[in-house]
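Take a look at the structure below.

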Amino acid sequence: MSPALDTDSNTAITASHLTKTYGLVKAVDDVSFSVREGEIFGVLGPNGAGKTTTVECLTGLRRPDSGSIKLLGRDPSRDHDALHAVVGVQLQASAVQDRLKVKEILDLYRSFYHHPADVRELVDGLGLGEKRDAQYRALSGGQKQRLSVALALIGRPRIAVLDEMTTGLDPQARRDTWALIERVRERGATIVLVSHFMEEAERLCDRVALIDRGRIIATDSPQGLAEKVAGGKRVRFTPSRPFPDALLTERPEVKSLEHQGRHVEVIGSGELVNVVILTLAREGIEAKDVQMGTANLEDAFVRLTGRLLHDAGEGPTP
């Protein structure tokens, strides 16, 4: 009989000072974080940043060179059997026999668990209902990706680790998958979501860790990270004629002003949009095409690393 899993703490996952090196490349460099039970925790960064290596260490698929990991109080490298029934994993590459039908694959995985999820709900929620009788080799890349998510969730895991789960999916399929993940979390599951899609993390994640070149550079809620780096609200507009920056920067609500071609972007606080429009109007200047908003995770990544997320290039992993 497997030993009981730790349920005394509300911390589902703890990773402390993880490192993993391949030759001269340090893929994971002193990574530490914790995940509370029932939250969706995002591991975000560009391709090659070390995200996949980190979660492979978490789930026992790779052994870190140093550091410690606890899933529900257990070490995944030593307590694989105890964790198998309560941890579901979806990785970017899955090994499935090409000639098996979708329903056969699902039935096989379902048989591994005492209390599996409702297969029909999973399949329909992921848009695979019409593919039950299709062989795996006949599925598109996006359909294979959705099937791998279903296999990770079929055992009703207490922890689900999903690595780039919506890569290759069309916009509607991506949103359907998000909705399914939200329903899984509502049942109490803890989810580690590895992604480079900022919109995905902003919708789903309670907290995120931004990772770049194998290191975590910041951890907070998506909104918290954005507000920290941006410093407040944002108003972007096109002035009807040029004006001195001091007209706005001398206002206490305005933190910064930047010219972007014909456009002007102002960052500040309070009733920022009203301050901008009314201040300019008093000088006979019209603010056209006004856009309001706050910074996002993409902005946070740029401010913290000095690089655009999708132009960041290859990181440390081979």
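How many salt bridges does the count come to? This is a predicted model. The count comes to 19 salt bridges. Here a salt bridge needs a side-chain nitrogen of Lys or Arg within 4 Å of a carboxyl oxygen of Asp or Glu.

Start with Glu39 and Arg207. Their side chains meet in a salt bridge, at 2.7 Å from N to O. Glu39 lies in the loop between strand E2 (25–36) and strand E3 (40–44), and Arg207 lies in strand E8 (residues 207–212), so the pair ties together parts that are 168 residues apart in sequence. Are these two residues buried or exposed? Glu39 is buried, with a relative accessible area of 4%. Arg207 is buried too, at 16%.

Next, find Lys103 and Asp133. Their side chains also form a salt bridge, at 2.8 Å from N to O. This pair links distant parts of the chain, 30 residues apart. Lys103 sits in helix H3 (residues 102–110). Asp133 sits in the loop between helix H4 (119–125) and helix H5 (141–153). Lys103 is partly exposed, with a relative accessible area of 36%.

Now turn to Arg74. Arg74 forms a salt bridge with Asp79, and their closest N and O atoms are 4.0 Å apart. Buried means under 20% relative accessible area, so the cut-off falls between these two partners. Arg74 has 21% and is partly exposed. Asp79 has 17% and counts as buried.

Finally, which residues are linked in a network of salt bridges? Lys26, Asp29 and Arg215 are linked in this way.

Methods:
Residues are numbered from 1 along each chain as its sequence is written. This is a predicted model: local features need pLDDT of at least 70, side-chain atom pairs count only at pLDDT 80 or more; totals for chains, interfaces and linings use all residues. Side-chain values use heavy atoms; hydrogens and water are left out. Helices (H or I, at least four residues) and strands (E, at least two) are DSSP runs, numbered from the N terminus. Buried means under 20% relative accessible area, exposed over 50%, partly exposed in between (1.4 Å probe, protein chains only).
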